[in-house]
Amino acid sequence: MAGHSKWANIQHRKGRQDKIRAKLFSKLSKEITVAAKMGDPDPDKNPRLRLAVKEAKGQSVPKDVIQRAIAKASGGDAETYDEIRYEGYGPGGVAVIVEAMTDNRNRTASSVRSIFSKSGGNLGETGSVGFMFDRKGQVIYPASVGDAETVLMAAIEAGAEDVESDDESHVVWCADTDLAVVSTALEDQLGESESTKLVWRPTTTTELDLDGMQSLMKLLDALEDDDDVQSVTANFEASDEVMAQIE
């Protein structure tokens, strides 16, 4: 599976780190506030909030920012957000899923539709590409936590479904409903993860050449830059040679 993990790596290397980090902190804080508002403000009693806090910690969000996001929900002054999923096709017929949290559905829908059309894609109906993805739990560890066999054994014991290891990281996959249990068990054996979250995992991919990848990157970057967008996933595949030129 290339899609989201390769794109995340490209983003990290593109020299946009400060901008990306500010956006990321904002998105993670919003998820924490929404999770706290929807359930108990105590992470130990609220699975969604617990995962949101764990992901924020893994992304080095300061503790005071996390606490402030929870307090905002507890204080009752947090905005009311709707969670919306958009689906469409990008350049080259790549399937794209966009997850957003918004206090204005019309604004967000208009913005997402405009980004798709300006980038050579088109927004479809809900369900138009969702069948090409599975909802999964994803836990990422740096390669330094251990070799592939060590992580695989830990993942099996934790109840995970699959592990993908390379020179940079170990990506552990599990059923979406098992993420909290699996991530906690892994933490006991391997320590704090780099990332723990629910994602859309492509079941089929579309191969792109350099031109196609460059066009797709414009779409994905524009979507990520939208303040209402929480996550973007695409089912692209590209050769190492193409990826190297993108980076």
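Here is a short chat about a few local features of this predicted model.

Colleague: What should I know before I start?
Modeller: Residues are numbered from 1 along each chain as its sequence is written, and side-chain values use heavy atoms, leaving out hydrogens and water. The model is predicted: local features need pLDDT of at least 70, side-chain atom pairs count only at pLDDT 80 or more, and totals for chains, interfaces and linings use all residues.

Colleague: OK, how do α3 and α7 pack, at what angle?
Modeller: Helix α3 (residues 47-58) and helix α7 (residues 179-190) pack at about 45°, with axes 10 Å apart. Axes are lines fitted to C-alpha atoms, for helices over the stretch in contact, and angles run from 0 to 180 degrees between N-to-C directions. Helices here are DSSP runs of H or I, at least four residues, and strands are runs of E, at least two, numbered from the N terminus.

Colleague: So parallel, or oblique?
Modeller: Oblique, for α3 and α7; under 35 degrees is roughly parallel, over 145 roughly antiparallel, 65 to 115 roughly perpendicular, and the rest oblique.

Colleague: Switching topic, where is S60?
Modeller: S60 sits in the loop between α3 and α4 (63-74). Its phi is near 65°, positive in a residue other than glycine. Most residues other than glycine have a negative phi.

Colleague: Is S60 buried or exposed?
Modeller: S60 counts as exposed, at 51% relative accessibility. Buried means under 20% relative accessible area, exposed over 50%, and partly exposed in between, with a 1.4 Å probe and protein chains only.

Colleague: And where's D178?
Modeller: D178 is in the loop between β6 (169-175) and α7, and is partly exposed at 33%.
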